Amino acid sequence: MINKQSASNLIILLSPRSKTPWRSGFNRLKGQKAGRSRHTIRILQTDLHCSNMPVYKLRYFNNPRRGRAELARLILHQAGVEFEDIRFPHSEWPAIKPSTPFGQVPVLEVDGQVLAQSNTIARYLARKYGLAGKNDWEQALADMYADNINDLLNAAVPPFMEKDPVKQKEMYEKFMAETIANHVVLIEKQLKKNNTGYLVGNDLTWADLAYYAYFSDFLEVKFGSAFLKDAPLLKALIDRVKALPNIKKWTEFRNSKYPEEN
Amino acid sequence: MVHYKLIYFNLRGRAELARLVLQHQEIVFEDFRFEREEWPKYKAGTPFGQVPVLEVDGEPLAQSNTIARYLARQHGLAGQNDWEQSQADMYVDCIHDLIGGTRPIIYETDKDKQKEMFQKFLQDVVNPHLQKVEQQLIKNGSGFLVGKSITWADLAYYSFFSPMMERLGEAILDITPHLKKLVAHVGNIPQIKKYVETRPKTAL
């Protein structure tokens, strides 16, 4: 079926030496040797991306610039998957809200079908693009670490919402000295136990991206690196993620295009 | 056969969904419960200073939803394909948010204020959510939240709303007849019914 997406993928294959350029081109795509044929179709529809690549639309507020959508964005960028990164102003929310499954964002549209809940969206994409772990147990471990980050995100909400600046400072200090400090000790222990430089198995998973997003993009930016002084393995992990080419490219672009981060 | 040890307080709380998954699939497991005073004894042995923890042949897994999802996936209650599994994840995340919303209410010591907070929670958070879920149930058309058969998502909704109905009366789900029917259906599944009748009676 020719639709808007596939129309953009119509190409004409040309090969000067072949009587049937389209066929040799098509066979080259399929990995076969070029050959002769009597057919004369001139235009070949092909999808140069994976022919099963869905159309992804990620919808979230334009502020916070990262917020609950950033983990999905990091996964998609790391995996090199195209998606529409839709950010709408809060003024448009009353019109958009009723169309979401549960009156919340982010939502991910996958070929028009809608998925809600930030961690569900991230897990779905991570599993689809090889960032979830190599077997059921590793996938569960990655889920566990992502849940930790979800708890830490929720724990940061009360100080974030506090309007009195003196009280807010106090709450953040307590948060860093207790909640964060305690967790850093425990995660350092897990990293030492796993001994691969990654949280799960011996390769990057969305768990590492989640820890990077929280500990570097959020905490390091806001509070500096002092809280990592006794956590060399966690520091090495977030530096490793920071330096990944796709992550580096995305964050540099993002920070210049959306400069005010929360 | 793999040995499961589920470690938690002697409460339903954050372990109940995992217990329901195991009970529904009739998987034998060690339902290890301790009293609140004993917590300091067990805390240091957990990966992140929290319970529930599931030990799978001695290897620990933390985080209540991760545990329940792992068990659901291992034992056929997670959904029939990637998309259904994500739909189920989504619903369970919704229940997780609702449970989170009850925390400040549970910890409120002023009884009048607590009652007020709970009413506000029902009105502003639970009821709007119920209406959305009802729409999704009608749209799905099978009586279940995901696909054509029971998943851990249905157990999660049962686990959250059944005790609430017991405490506040069944009428709280009158605005969502399909969800009410689903909760009743889950409650009547023989292995669930038997488990609920025989499990320790705890406040939470």
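## Strand 1 of chain B

In this predicted model, five of the six residues of strand 1 of chain B are buried, so the strand is largely enclosed by the rest of the structure. Strand 1 of chain B spans residues 4-9. On one side, five bridges join strand 1 of chain B to strand 2 of chain B, and the two run parallel. Leu6(B) stands opposite Asp31(B) of strand 2 in that pairing.

Strand 1 of chain B also pairs with strand 3 of chain B. Here the sense is antiparallel, over four bridges. Lys5(B) faces Glu55(B) of strand 3 across this pairing.

## The sheet of chain B

Which order do the strands take in the open sheet of chain B? The four strands are arranged 2-1-3-4, with mixed pairing. Strand 2 (30-34) and strand 4 (59-62) of chain B are the edge strands, and each pairs on one side only. From one strand to the next, the twist averages 25 degrees. In general, strands of a sheet pair through backbone hydrogen bonds, either parallel or antiparallel.

Strand 3 of chain B covers residues 53-56 and pairs with strand 4 of chain B in the antiparallel sense. Four bridges make up this pairing. Glu55(B) stands opposite Pro60(B) of strand 4. Glu55(B) is also the residue opposite Lys5(B).

## Helices on the sheet

Helix 1 (residues 16-24) of chain B lies across strand 1 and strand 2 of chain B. Helix 1 of chain B runs at about 145 degrees to strand 1 of chain B. Helix 3 (residues 64-74) of chain B packs on the sheet and touches strand 1, strand 3 and strand 4 of chain B. The direction of helix 3 of chain B makes about 115 degrees with that of strand 4 of chain B.

Gln63(B) sits in the loop between strand 4 and helix 3 of chain B. Gln63(B) is not a glycine, yet its phi is positive, about 80 degrees. With a relative accessible area of 9%, Gln63(B) is buried.

Helix 8 of chain B covers residues 190-198, and its Ile192(B), Tyr195(B) and Val196(B) are buried. These three cover an arc of only 95 degrees around the axis, which puts them on the same side of helix 8 of chain B. The face turned away from the buried side carries the exposed residues Pro190(B), Lys194(B), Glu197(B) and Thr198(B).

What do the buried residues of helix 8 of chain B pack against? Their partners are helix 1, strand 2, helix 6 (152-168) and helix 7 (177-188) of chain B.

Chain A has ten helices and six strands. Of its 262 residues, 46% count as buried. Among contacts in chain A with a separation of 6 or more, 64% come from residues 24 or more positions apart.

Helix 8 (residues 206-223) and helix 9 (residues 232-242) of chain A pack at an angle of about 95 degrees, with their axes 9 Å apart. Helix 8 and helix 9 of chain A are therefore roughly perpendicular to each other. The contact includes Tyr211(A), Tyr212(A) and Phe215(A) of helix 8 of chain A, and Leu234(A), Leu237(A) and Ile238(A) of helix 9 of chain A. The residues of this contact divide into eight nonpolar, one polar and four charged.

Leu234(A) lies in helix 9 of chain A. Its relative accessibility is 0%, so Leu234(A) counts as buried. Among the residues Leu234(A) touches are Val184(A), Ile187(A), Leu191(A), Phe215(A) and Leu228(A). The C-alpha atoms of Leu234(A) and Tyr212(A) are separated by 9.1 Å, and the two residues are 22 residues apart along the chain.

Asn119(A) belongs to helix 5 (residues 118-128) of chain A. Is Asn119(A) buried or exposed? At 10% relative accessibility, Asn119(A) counts as buried. Asn119(A) touches residues including Leu71(A), Asn150(A), Trp206(A) and, in chain B, Asp93(B).

## Backbone details in chain A

A cis peptide bond joins Asn63(A) and Pro64(A), with omega about 15 degrees. Pro64(A) is in the loop between strand 3 (56-61) and helix 3 (70-79) of chain A. A cis peptide bond also joins Val105(A) and Pro106(A), with omega about 10 degrees. Pro106(A) lies in the loop between helix 4 (93-96) and strand 5 (107-110) of chain A.

Asn195(A) has a phi near 60 degrees, a positive value in a residue other than glycine. Asn195(A) is found in the loop between helix 7 (165-194) and helix 8 of chain A. At 65% relative accessibility, Asn195(A) counts as exposed.

Technical notes: Residues are numbered from 1 along each chain as its sequence is written. Chains are lettered from A and ligands numbered from 1 in the order in which they are written. This is a predicted model: local features need pLDDT of at least 70, side-chain atom pairs count only at pLDDT 80 or more; totals for chains, interfaces and linings use all residues. Side-chain values use heavy atoms; hydrogens and water are left out. Two strands pair if DSSP finds at least two bridges between them. Axes are lines fitted to C-alpha atoms, for helices over the stretch in contact, and angles run from 0 to 180 degrees between N-to-C directions. Contact means heavy atoms within 4.5 Å. Buried means under 20% relative accessible area, exposed over 50%, partly exposed in between (1.4 Å probe, protein chains only). The arc is that of the directions from the helix axis to the C-beta atoms. Angles under 35 degrees count as roughly parallel, over 145 as roughly antiparallel, 65 to 115 as roughly perpendicular and the rest as oblique. Ala, Val, Leu, Ile, Met, Phe, Trp, Tyr, Cys and Pro count as nonpolar, Asp, Glu, Lys and Arg as charged, and the others, Gly among them, as polar. Lists of a residue's contacts leave out its neighbours within four places in sequence.
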